[in-house]
Amino acid sequence: MMAHFFADTSVLAEDNGEPAGFIVGFRMPPRPESVFVWQVATSPDFRGRGLATSMMAELLQRHVEAGGSYLEATVTPSNTASQRLFRGVAEKLGVACNETLEFARDHFPGGEHEEEHLFRIGPFDAGDVHRAFAGATKN
Ligand SMILES: CC(C)(COP(=O)(O)OP(=O)(O)OC[C@H]1O[C@@H](n2cnc3c(N)ncnc32)[C@H](O)[C@@H]1OP(=O)(O)O)[C@@H](O)C(=O)NCCC(=O)NCCS
């Protein structure tokens, strides 16, 4: 349902017609210059091969074409792969990745959920995205 209503900010990667990874995102109502990555996942068989980075490239390409300039996501401290993904995207774009505590443990019932850090990446433009990811999409 999210991918249906937010199709222009969501990405599905397929391998021979089978899903291999996806991003579900949305433009943030309080900050429309930002696309927020709500979920990103790569099928276990495809991890560590650049698929999430390629899906990010596709999302960012569309986002800058629509006038956007920031990428945001929340990440838990234990999710090393996700942290590397977002920091890597910022590094490739050559822009800042500003990391702040967004949701503390006590925001979640039971206190068992880890805190969530907001990663805010940007500002970037179409030239940055092109330089960072030329040839990385639609593979
Ligand atoms: C996070 C996730 C989407 C990354 O997907 P991926 O296709 O493997 O990512 P990529 O191959 O594009 O790699 C992106 C970066 O993360 C690094 N990375 C990937 N898997 C890693 C791991 N298990 N440990 C450490 N770093 C890792 C890569 O080296 C790369 O870094 P680099 O650009 O500095 O070389 C994937 O691990 C996943 O689906 N995890 C489960 C779902 C999840 O936690 N989603 C995020 C929260 S919504």
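The side chain of His63 reaches the backbone oxygen of Tyr70, at 3.1 Å. This comes from a predicted model. His63 belongs to helix α2, which covers residues 51-65. Is His63 buried or exposed? Its relative accessible area is 1%, and the cut-off for buried is under 20%, so His63 counts as buried.

The neighbours of His63 come from several parts of the chain. Leaving aside residues up to four places away in sequence, His63 touches Arg27, Pro32, Glu33, Ser34 and Val35, among others. Gly68, Ser69 and Tyr70 touch His63 as well. So does Phe124.

Ala57 has 2% relative accessibility, so it counts as buried.

The α2 side of the contact consists of Thr53, Ala57, Leu60, Gln61 and Val64. The α4 side consists of Ala126, Val129 and Phe133. The crossing of α2 past α4 is left-handed.

Now turn to the other partner, α3. The axes of α2 and α3 come within 11 Å and cross at roughly 55°. These two helices are therefore oblique to each other. From α2, the contact uses Ala52, Thr53, Met56 and Leu60. From α3, it uses Leu85, Phe86, Val89, Lys92 and Leu93. This crossing is right-handed. Thr53 and Leu60 are in the α2 contact with α3, and both are in the α2 contact with α4.

Helix α3 itself runs through residues 80-93, 14 residues in total. From first C-alpha to last it reaches 20 Å, close to the 20 Å expected at 1.5 Å a residue. Which residues of α3 are buried? They are Ser82, Gln83, Leu85, Phe86, Gly88, Val89, Ala90 and Leu93. An α-helix has 3.6 residues a turn, so residues three or four places apart point the same way. The buried residues of α3 pack against the helices α2 and α4 (126-133). They also pack against the strands β3 (31-42), β4 (70-75), β5 (96-103) and β6 (116-122). Just after α3 comes Gly94, with a positive phi of about 75°.

Notes:
Residues are numbered from 1 along each chain as its sequence is written. This is a predicted model: local features need pLDDT of at least 70, side-chain atom pairs count only at pLDDT 80 or more; totals for chains, interfaces and linings use all residues. Side-chain values use heavy atoms; hydrogens and water are left out. Helices (H or I, at least four residues) and strands (E, at least two) are DSSP runs, numbered from the N terminus. Buried means under 20% relative accessible area, exposed over 50%, partly exposed in between (1.4 Å probe, protein chains only). A polar contact is a pair of N or O atoms within 3.5 Å; within protein, one must be able to donate a hydrogen and the other to accept it, and residues adjacent in sequence count only if both atoms are side-chain atoms. Contact means heavy atoms within 4.5 Å. The expected span of a helix is 1.5 Å times one less than its number of residues. A crossing is left-handed if the near helix is turned anticlockwise from the far one by less than a right angle, and right-handed if clockwise. Axes are lines fitted to C-alpha atoms, for helices over the stretch in contact, and angles run from 0 to 180 degrees between N-to-C directions. Angles under 35 degrees count as roughly parallel, over 145 as roughly antiparallel, 65 to 115 as roughly perpendicular and the rest as oblique.
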